[in-house]
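Hi,

Here is the structure I promised to pass on.

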Amino acid sequence: MAITDIAEYAHLSDADIDSLAVELDSIRSDIEADRGAQDARYIHRTIALQRSLEIGGRVVLLGSRWRPAWIVGTGLLACSKIIENMELGHNIMHGQWDWMNDPELHSTSWEWDQVGPSRHWKQAHNYSHHVYTNIVGMDDDIGFGVIRMTRDVPWRPANALQPLANIVLALTFEWGIARHDLDATKAREAATTTPVPLGLPTPLARSGGEFSHKIGRQLLKDFVVFPALTGPAFRSTITANLTANVLRNLWAYVVIFCGHFPDGAEKFTMSDFASETRPQWYLRQMLGSANFRAGPIMAFMSGNLCYQIEHHLFPDLPSNRYRQISRRVQALCERYDLPYTTGSLAHQYLLALRTIHKLALPDRFLRRSSHDAPETGSEQRFRSSMPLVDRLTPKAGTRVGLRTALAEARKKSTARGRIPTRQSWIVVAPAQQPRVETTVIT
């Protein structure tokens, strides 16, 4: 099931984890000290590009009854919405540009171009997801409440329909996120609210009002005001706006799923959260996230969330620095023998899609152990696949870390899948425990 002991799973000592955190803190300090005019130019140019694309798309759509104009206008508008959603809205609301003290670019003032209010998203995402990343029962972003993405969530008959629910979620992603954020905001406010004077709206009522107001504003803008400005092209502009929204939804959905749900993005339990240290939080972010490979254009269009590992380590550092940060994070993974989970966009999404379809089935139909499945694993997988003596006493001058342990576990799993073998090893427990010889049939 989910990881209960992150240090054991990572094959790191407490001293190793503390040392890793010191190096990650050094990366943060270096980037913070280096922020300046170059970063400011980047974000201002991004805003100028996004607005130019939107204006260009709206102008071209004046002739949207002519099919080439509809295609060009829709494409420009979709690109504008993607940039506003991914590289601007998402990152600005993380506080990545608060250091500039520009009211327009501040996390407290930005309202993005989608149906969910920014305030709801910041509470559900910045708090619940980034603090409790992949902790089952605490991070509601694990499947967004509609898709079973780990065996730690009990199977329900409704999960049999999740391949279909996944398609609906992809097409309507902004609506699914908006409703998810509203529910998370209401749950948090219900737990913390205090009585209000008679006649004043409660926080829950205000949240519902914000949600309804934002939906009304978005629908009015995209399907009444802007189409009306195109006059005779009213109907074709409505379809163009709808198509641009759907394209933005599909792209955001793919990027998010590739960063959170491929193999290697691990899940965790609540057992040790109360005592979790900052170094352990860093390690959880590294093990619970995944990247995908992207060139400069794809990275920009993804809001630089192709560097999801770096984003989870440093969610409030400017996204244009993630590529630079990634080189140092990869070097740390090499040094501590930790996996750096990445792959092509198509590969990462297909892994997530496989999990969606596989976990639509009850556990009794699944072949792999719940501790050793590609999408869900725990430290238990190493207790049965690798002699403990090898983990406690590595060869002199070498570090036997998680990456090596996972490779060895895969080899043994593959060998067991080919032919049954009789295997013996010696298990040595820590600190003066007696020697125990075990024979296992695998």
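Predicted model: local features only at pLDDT ≥ 70, side-chain atom pairs only at ≥ 80, totals over all residues.

The secondary structure comes to 17 helices and two strands. As for contacts with a separation of 6 or more, 71% of them are between residues 24 or more positions apart.

Next, a pair of helices. The axes of α2 (residues 14-34) and α13 (residues 322-335) come within 11 Å and cross at roughly 165 degrees. That angle is over 145 degrees, so α2 counts as roughly antiparallel to α13. The crossing of the two is right-handed. On the α2 side, the residues that meet α13 are Leu-20, Glu-23, Leu-24, Ser-26, Ile-27, Asp-30 and Ile-31. Their partners in α13 are Gln-324, Ile-325, Arg-328, Val-329, Leu-332 and Arg-335. Sorted by type, the residues of this contact are seven nonpolar, two polar and four charged.

Then there is Gln-96, which sits in the loop between α4 (67-92) and α5 (118-131). Is Gln-96 buried or exposed? Its relative accessibility is 0%, so Gln-96 counts as buried. The side chain of Gln-96 makes a polar contact of 3.3 Å with that of Tyr-322. Beyond its neighbours within four places in sequence, Gln-96 also touches several other residues, among them Asn-91, His-311, Pro-315 and Asp-316. Leu-317, Pro-318 and Ser-319 are in contact with Gln-96 too.

Cheers

Notes:
Residues numbered from 1 in each chain as written. Heavy atoms only, no water. Helix = DSSP H or I, 4+ residues; strand = E, 2+ residues; numbered from the N terminus. Buried < 20%, exposed > 50% of the residue type's maximum accessible area, 1.4 Å probe, protein only. Polar contact = N/O pair within 3.5 Å; in protein donor to acceptor, adjacent residues only side chain to side chain. Contact = heavy atoms within 4.5 Å. Axes fitted to C-alpha atoms, helices over the stretch in contact; angles between N-to-C directions. Parallel < 35°, antiparallel > 145°, perpendicular 65-115°, else oblique. Left-handed = near helix turned anticlockwise from the far one by under 90°. Nonpolar A, V, L, I, M, F, W, Y, C, P; charged D, E, K, R; others polar.
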